[in-house]
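Colleague: I have a model open here and would like to go through it with you. Could you take my questions as they come?

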Amino acid sequence: MARSQESFNKKEIQNKKDKKRKDKEKKMQERKENGKASFEDMIVYIDENGNQTTTPPDLSKRLEFDPEDIVIGVPKREEQEPEDKTRKGVVTFYNDSKGYGFIKDSLSGDSVFVHANQLEEAITEGNRVTFEVEKGQRGPMAVRVKKA
């Protein structure tokens, strides 16, 4: 008895292809019977709440806008007086041998890094100091530090 050249897997694949082809023909036939969808059937409207609807909007609720009132872009920045960059704070930590420490800003409560190169006077922990903040490599850094 000779075996069939088609294996079970090959028959299964062929059956799937046939089924897919028949489904496609069936869908085409349904489209022909129903006719093509008109453009009006495809339109979707958005109501005042942002929801999609098939009914057109009520023109009595329409709002009029003056095109000159619409601002496109970023509004111009108002001139600000330059702030006094000098801040006050307390030295919370300072290691004299390593040459760095931290100052707690009295206004914001933030801890600001300070390096020995930025000191104008020698400081120790607990000293009240005045300083300015600049952007350092790893975040804010106190510069021009001196005792208050």
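Modeller: Gladly, and keep in mind that this is a predicted model. A place to begin is Thr130, which counts as buried because its relative accessibility is 14%, and the cut-off for buried is under 20%.

Colleague: Where is Thr130 placed, and which residues does Thr130 touch?

Modeller: Thr130 lies in strand β6. Leaving aside residues up to four places away in sequence, Thr130 touches Thr86, Arg87 and Lys88, and also Arg144, Val145, Lys146 and Ala148.

Colleague: And how does β6 pair with β7?

Modeller: Strand β6, residues 128-135, and strand β7, residues 140-147, pair in the antiparallel sense over six bridges. Within that pairing, Val133 has Ala142 in β7 as its bridge partner.

Colleague: What do the five strands close into, and in which order?

Modeller: The five strands close into a barrel, in the order β3-β4-β5-β7-β6, with mixed pairing. Neighbouring strands of this sheet are turned by 50° against each other on average, with direction ignored.

Colleague: Let's look at β4, then. Which residues are on its covered face, and which on its uncovered one?

Modeller: Strand β4 spans residues 100-105, with Gly101, Ile103 and Asp105 on the covered face and Tyr100, Phe102 and Lys104 on the uncovered one. As background, side chains in a regular strand alternate between the two faces of the sheet.

Colleague: How many bridges does β4 have with β3, and how many with β5?

Modeller: With strand β3, residues 86-95, β4 pairs in the antiparallel sense over six bridges, and Phe93 has Phe102 in β4 as its bridge partner. Five bridges join β4 to strand β5, residues 111-115, and these two strands also run antiparallel, with Ser111 in β5 as the bridge partner of Lys104.

Colleague: What about the turns, and which glycines there have a positive phi?

Modeller: The hairpin of β3 and β4 has four residues between the strands, and Gly99 in that turn has a positive phi of about 85°. In the hairpin of β4 and β5 there are five residues between the strands, and Gly109 takes a positive phi near 80°.

Colleague: Changing topic to helix α1, how far does it reach, and is it covered or uncovered?

Modeller: Helix α1, residues 8-34, has 27 residues and reaches 39 Å from its first C-alpha to its last, close to the 39 Å expected at 1.5 Å a residue. α1 is hardly covered, since the count of buried residues among its 27 residues is zero.

Colleague: What follows α1?

Modeller: Gly35 follows α1, and the phi of Gly35 is positive, near 85°.

How values were computed. Residues are numbered from 1 along each chain as its sequence is written. This is a predicted model: local features need pLDDT of at least 70, side-chain atom pairs count only at pLDDT 80 or more; totals for chains, interfaces and linings use all residues. Side-chain values use heavy atoms; hydrogens and water are left out. Two strands pair if DSSP finds at least two bridges between them. Axes are lines fitted to C-alpha atoms, for helices over the stretch in contact, and angles run from 0 to 180 degrees between N-to-C directions. The expected span of a helix is 1.5 Å times one less than its number of residues. Buried means under 20% relative accessible area, exposed over 50%, partly exposed in between (1.4 Å probe, protein chains only). Contact means heavy atoms within 4.5 Å.
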